[in-house]
Amino acid sequence: MTVRGDFSRQSFLGPDSERIFAEARVAIVGLGGGGSHIAQQLAHLGVGHFRLIDPQEIEDSNLNRLVGGTAKDVEQKMPKVQIAERLIRSIRPSADVRAAQGEWQTSDNLLKDAHVIFGCVDGYRQRMYLEQAARRFCIPYIDIGMDITKLAERQYAVAGQMIVTVPDGPCLSCLGFLTQERLNKEEDDYGDAGIHPQVVWTNGTLASLAVGAFVRMLTPWYDDAGRDFEWLELDGDNQLVSRSRQPEYTLRRPCTHFSPHDRGDPFFELNGLKKGEDLK
Amino acid sequence: LKIIFRATAQFLHAVRADLARPHDFAAERVGFMSIRAAIADDNLILFAEGYHAVADEDYIVDPTVGAMMGQEAIRKALEISLLQPVGMFHVHMHDHVGRPRFSPIDLSEQLKFVPDFFNVRRVPHGAIVLSHDKAAGSVWLNAKTVTGITEFNVVGWRTIFDFAASMFEHQR
């Protein structure tokens, strides 16, 4: 096993949980306010294999929420994936960490063999693309995101979501989370840089919900068989988490957006194996 | 090269349900899974995408084995791989829990027909044996090279990864 340690305080997760986490391969796309929390929690849990993807370097405005980031990192323009890697290794020195500073579309070799993908990306379109990749490679997808909307002068609505989708189950579009209206609005607003408020405690709450969903997916701690999605909403103003009621009105089954026939690399051929492994 | 076989829990449930159906004279049922593939660094990942039951009339009577496919069953499976860019994995089920193993007859029979799939499509082909809760399997990377599946990954609300025994385990 990659990770060794005393996990007795989480032994209620099952006699095999230590091995399961140590063997798990997780991909985290986006290592900012949400993804950095997730990386830290997964390291504490004992996850053995990390694939980290983010194109950005830390900036001063990230220090209000990026777990593990320091003022010195800002001075040195440290890539966010390197900060996350350092954080993970400070907790679990033997963890297998593979990191790519770039867009995930150019690093999808880090996604394909993951057991779970955590999506911590900005915008609906990026979520749509990332879930498409998760479906193509038949991987559960756990998405988090938050938004702060100005309602009036000195009055803001803080909200967020944690959504889990699994292959063969309803996708973000089936659930009514990804809608054409939202995608169109995002496209219309493209280029409107503005300030997108983000805060550490809300990011941390959503990250914790995502890690909880991950643990529930891998260990027999809580028997909720029969489900095939989860959509939790965070009302940040009232500090409440509740199951979204949106799917009650919009859920469509079976998923018509993704087919099992779309799985895998469409251009796959055995010639793609590394030299020496194609044993002709 | 590690080989990961990935299928959804819903898909495997349906395959097991089909394989558990009684047949008029065969003691067990067999079928084929069609797969697509991808490579990630040092891993070859196989994705189950479809199940193709062997038709009742394509079994032949052979009391020395649990089930024997006729040539027509193999021809139909070859045709699927010819018409679609998929690999084909023969599948059958052993009626127990825990890790299954291919019998010596399973292994010798596979050698008779799996390599033929490379005549129609140069993608991984192979064979899988299921139990009620686990699996084992072998993959042909070309007509002459066969290796074991390293990991079975069952994807669903409960996601499982099982680092499986290879087909060669029974020989150790």
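Analyst: Buried means under 20% relative accessible area, exposed means over 50%, and partly exposed is in between, using a 1.4 Å probe and protein chains only. This is a predicted model, in which local features need pLDDT of at least 70 and side-chain atom pairs count only at pLDDT 80 or more, while totals for chains, interfaces and linings use all residues. Residues are numbered from 1 along each chain as its sequence is written, chains are lettered from A and ligands numbered from 1 in the order in which they are written, and side-chain values use heavy atoms, with hydrogens and water left out.

User: Fine. A:Arg154, buried or exposed?

Analyst: A:Arg154 counts as exposed because its relative accessibility is 77%. A:Arg154 sits in the loop between strand 5 (141–152) and strand 6 (155–165) of chain A. Strands here are DSSP runs of E with at least two residues, and helices are runs of H or I with at least four, both numbered from the N terminus.

User: What is the phi of A:Arg154?

Analyst: Phi is near 60°, a positive value in a residue other than glycine. A:Gln239 also has a positive phi, about 55°, and is not a glycine. A:Gln239 belongs to the loop between strand 7 and strand 8 (240–243) of chain A, and counts as exposed at 56% relative accessibility.

User: Which peptide bond is cis?

Analyst: The one from A:Arg253 to A:Pro254 is cis, with omega near -10°. A:Pro254 is in the segment after helix 9 (246–250) of chain A.

User: Switching to the inside. Which residues touch the most other members of the largest nonpolar core?

Analyst: They are B:Phe5, B:Met33, B:Leu46, B:Phe89 and B:Leu130, out of 47 residues in that core. Strand 2 (residues 30–40) of chain B gives the largest share, 6 residues. A nonpolar core is a set of buried Ala, Val, Leu, Ile, Met, Phe, Trp, Tyr and Cys residues joined through side-chain atoms within 4.5 Å. A second, separate core has 45 residues, including A:Ile28, A:Ala95, A:Leu218 and B:Trp157.

User: What is B:Leu46 in contact with?

Analyst: Leaving aside neighbours within four places in sequence, the contacts of B:Leu46 include B:Ile3, B:Phe5, B:Ile35, B:Phe89 and B:Val139. Contact means heavy atoms within 4.5 Å.

User: And B:Thr8, what does that residue touch?

Analyst: Not counting residues up to four places away in sequence, B:Thr8 touches A:Cys138, A:Pro167, A:Asp168, A:Arg263, B:Val154 and B:Val155. B:Thr8 lies in strand 1 (residues 2–8) of chain B and counts as buried at 2% relative accessibility. The side chains of B:Thr8 and A:Asp168 are joined by a polar contact of 2.4 Å. That term means a pair of N or O atoms within 3.5 Å; within protein, one must be able to donate a hydrogen and the other to accept it, and residues adjacent in sequence count only if both atoms are side-chain atoms.

User: What does the side chain of B:Thr159 reach?

Analyst: It reaches the backbone oxygen of B:Gly156, at 2.8 Å. B:Thr159 is in the loop between strand 10 (151–155) and strand 11 (160–163) of chain B, and counts as buried at 2% relative accessibility. Among the contacts of B:Thr159 beyond four places in sequence are A:His115, A:Pro140 and A:Leu218.

User: Charges next. How many salt bridges over all chains?

Analyst: A search of the whole structure finds 27. A salt bridge is a side-chain nitrogen of Lys or Arg within 4 Å of a carboxyl oxygen of Asp or Glu. One of them pairs A:Arg127 with A:Asp143, the closest N and O atoms being 2.8 Å apart. A:Arg127 is in helix 5 (residues 124–136) of chain A and A:Asp143 in strand 5 of chain A, 16 residues apart. A:Arg127 is buried, with a relative accessible area of 6%, and A:Asp143 counts as buried at 0%.

User: What about A:Arg243 and A:Glu230, how do their side chains meet?

Analyst: They meet in a salt bridge, 2.8 Å from N to O. A:Arg243 lies in strand 8 and A:Glu230 in strand 7 of chain A, so the pair ties together parts 13 residues apart in sequence. A:Arg243 counts as partly exposed at 48% relative accessibility, whereas A:Glu230 is buried at 1%.
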